[in-house]
Amino acid sequence: MMNREEFRSILTGAMAGCHEDLEKILELYMPLIEKNSYINGTLDEDLKQYLMIHIALQIGKFPL
């Protein structure tokens, strides 16, 4: 488990365009992404990918 400072550092890196840090953020939130990617009990891969892309595009707007 990462602490607040580690998360802030990774989030700052992701916001600055570091692909490795963005990957870490997506990995961290993957259980939530997958949970919200089910439609009628079936995993919708397109929805999962859409959520990941949306997070990547909007990460610069996250408040620090």
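I looked up which element gives most to the lining of the largest pocket in this predicted model, and α2 supplies the largest share, five residues. Helices here are DSSP runs of H or I with at least four residues, strands are runs of E with at least two, and both are numbered from the N terminus. A pocket, on a 1 Å grid over the protein atoms alone, is an open set of points where a 1.4 Å probe fits, with protein on both sides within 12 Å along at least five of seven lines, and lining residues have an atom within 4 Å of a point.

I then noted the lining itself: F7, L11, I25, L26, Y29, L32, I33, N36, L51, H54, I55 and F62. At least two of the lining residues come from each of α1 (4–15), α2 (19–35) and α3 (45–58). By class I found ten nonpolar, two polar and no charged residues, where Ala, Val, Leu, Ile, Met, Phe, Trp, Tyr, Cys and Pro count as nonpolar, Asp, Glu, Lys and Arg as charged, and the others, Gly among them, as polar. The volume of this pocket is about 190 Å³, taken as the space filled by probe spheres set on grid points that are joined across faces, edges and corners.

Next I turned to the helix pairs. The axes of α1 and α2 are 7 Å apart and the angle is about 125 degrees; axes are lines fitted to C-alpha atoms over the stretch in contact, and angles run from 0 to 180 degrees between N-to-C directions. α1 and α2 are therefore oblique to each other, the class left after under 35 degrees (roughly parallel), over 145 (roughly antiparallel) and 65 to 115 (roughly perpendicular). In contact (heavy atoms within 4.5 Å), F7, S9, I10, L11, G13 and A14 of α1 meet D21, L22, K24, I25, L28 and Y29 of α2. I count these by class as eight nonpolar, two polar and two charged.

For α2 and α3, I read axes that come within 11 Å and cross at roughly 140 degrees, which makes α2 oblique to α3. L22, L26, M30, I33 and E34 of α2 make this contact with K48, L51, M52, I55 and A56 of α3, and the classes are eight nonpolar, no polar and two charged.

Last, I recorded the order of elements as α-α-β-β-α from the N terminus.

On method, residues are numbered from 1 along each chain as its sequence is written, and side-chain values use heavy atoms, with hydrogens and water left out. Local features need pLDDT of at least 70 and side-chain atom pairs count only at pLDDT 80 or more, while totals for chains, interfaces and linings use all residues.
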